[in-house]
Amino acid sequence: MSKALFIFFITGLALLSRHVYSQVPHLAGDVYVSLEQGTIKADLTVSNLPETSNYSLQLNSGLNVQFFRDSRDRFSYATEREYKPEKSYESFQYWFPGTDRKSRYLPDQFKVSYVGAFPVYADSKKRSEWGDWKGNIALNGKTIRATEQSAWYPILYNIAEDKTYTSVTYDLTIHVPGARAIYLNGQPPRQGSVAHFTSDRPFPLLLFAGDFDFKKEQNTYLVNTTLSQMQAQVLDGWFTRIKDYYQNHLDIPYGVDVTLLASTPVSQRNDWMFVTYPTIASVSPRDWLNTLVNPNTQTLSDSSSISFIAHELGHYYVGTVFQPN
């Protein structure tokens with residue numbers, strides 16, 4: 001396809017696209033994490049829910065619900081739950097039964113309070129060989145890592161449309177005693193043990209908090225990485241170049257800075273990476289992100305590096321920012 005034809009094709013898609021966000025849930029409230037005890041407690045209000053009676057609410061199976069209550073805090077909802085690993089291996093599926101006990105009812109907003117405890121793998125010698133994955137709520141004694149796959153927050157699943165609302169807008173205060181920094185996907189990382197995050201733009205919620213440093217290299221946030229200044233500059237340059245390409249051809253801003261996040265596994269042999277847009281995360285004892293840039297040539301290591309970067313940045317832009325009908 002010629003460049004002129006490509007631009008014509010993309011421009012046509014842009015005219016048919018909708019750069020708006022459909023109705024998405026909104027989370028507000030407080031989340032409390034103990035890095036030492038491995039506990040998570042949350043008091044949340046979930047609002048802006050779509051009208052549906054064919055749904056479930058996913059919440060990690062290690063979290064014990066104290067109550068689901070109406071938004072004015074007058075009464076508690078009766079609830080049912082089941083485990084459906086084919087839909088979510090990590091979570092239970094909750095719903096509010098109708099008066100006939102057969103149908104399901106979903107209010108436009110509700111309150112929920114829950115608490116749970118998870119293993120803290122502070123001693124690396126006692127970790128199993130395998131057993132870490134993206135959906136794990138991982139605590140290593142220094143940090144907590146929890147993603148949208150772990151369902152550490154309530155996630156609406158529309159059964160009729162087979163649509164999972166992992167991306168939400170939010171107004172959340174995260175409390176992590178002893179933490180030096182807290183990061184919540186979609187917003188810049190913050191220093192301190194308490195941080196308030198708000199976003200009118202929906203994001204899947206990756207939470208990373210504890211003992212780590214962060215910095216910003218031009219248009220890229222670096223969270224807990226061991227990248228040198230030169231490596232960071234090379235990666236930021238490519239990120240910026242690719243984002244500018246999309247913006248210049250489609251006239252729609254990329255709209256968010258990329259975050260590179262490094263974490264260690266809570267197992268001995270797991271070594272992988274994942275993406276929770278716009279965060280690219282490495283879970284590795286050796287910080288896999290370092291392999292993207294050759295320190296001797298001060299360029300990307302090989303063609304696979306640019307393919308990887310372009311692939312991940314394109315995934316976020318096409319389908320999230322740019323939404324063709």
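Predicted model: local features only at pLDDT ≥ 70, side-chain atom pairs only at ≥ 80, totals over all residues.
Taken along the principal axes, the box filled by the C-alpha atoms is roughly 65 × 55 × 35 Å.

I then looked up the secondary structure, which comes to 3 helices and 24 strands. For the contacts, I took those between residues at least 6 apart in sequence and noted that 64% of them join residues at least 24 apart.

Next I turned to burial and surface. Of the 325 residues, 51% are buried, and the accessible surface of the protein comes to about 15400 Å², with 50% of that area belonging to carbon and sulfur atoms.

The largest cavity holds about 40 Å³ of space, and its lining consists of Tyr254, Val258, Val275, Tyr277, Pro278, Ile280, Glu312, Leu313 and Tyr316. Which helix gives the largest share of the lining of the largest cavity? I traced that share, 3 residues, to helix α3, which covers residues 303–321.

For the second largest cavity I noted about 30 Å³ of space, lined by Pro25, Val46, Leu49, Leu57, Pro154, Ile155 and Leu156. Sorted by class, the lining of this second largest cavity has 7 nonpolar residues, with no polar and no charged ones.

Methods: Residues numbered from 1 in each chain as written. Heavy atoms only, no water. 1 Å grid on protein atoms, 1.4 Å probe; cavity = no way out; pocket = protein on both sides within 12 Å on 5 of 7 lines; lining within 4 Å. Points joined across faces, edges and corners; volume = space filled by probe spheres on them. Helix = DSSP H or I, 4+ residues; strand = E, 2+ residues; numbered from the N terminus. Nonpolar A, V, L, I, M, F, W, Y, C, P; charged D, E, K, R; others polar. Buried < 20%, exposed > 50% of the residue type's maximum accessible area, 1.4 Å probe, protein only. Contact = heavy atoms within 4.5 Å. Areas by Shrake-Rupley, 256 points an atom, 1.4 Å probe, with all protein chains shown as cover.
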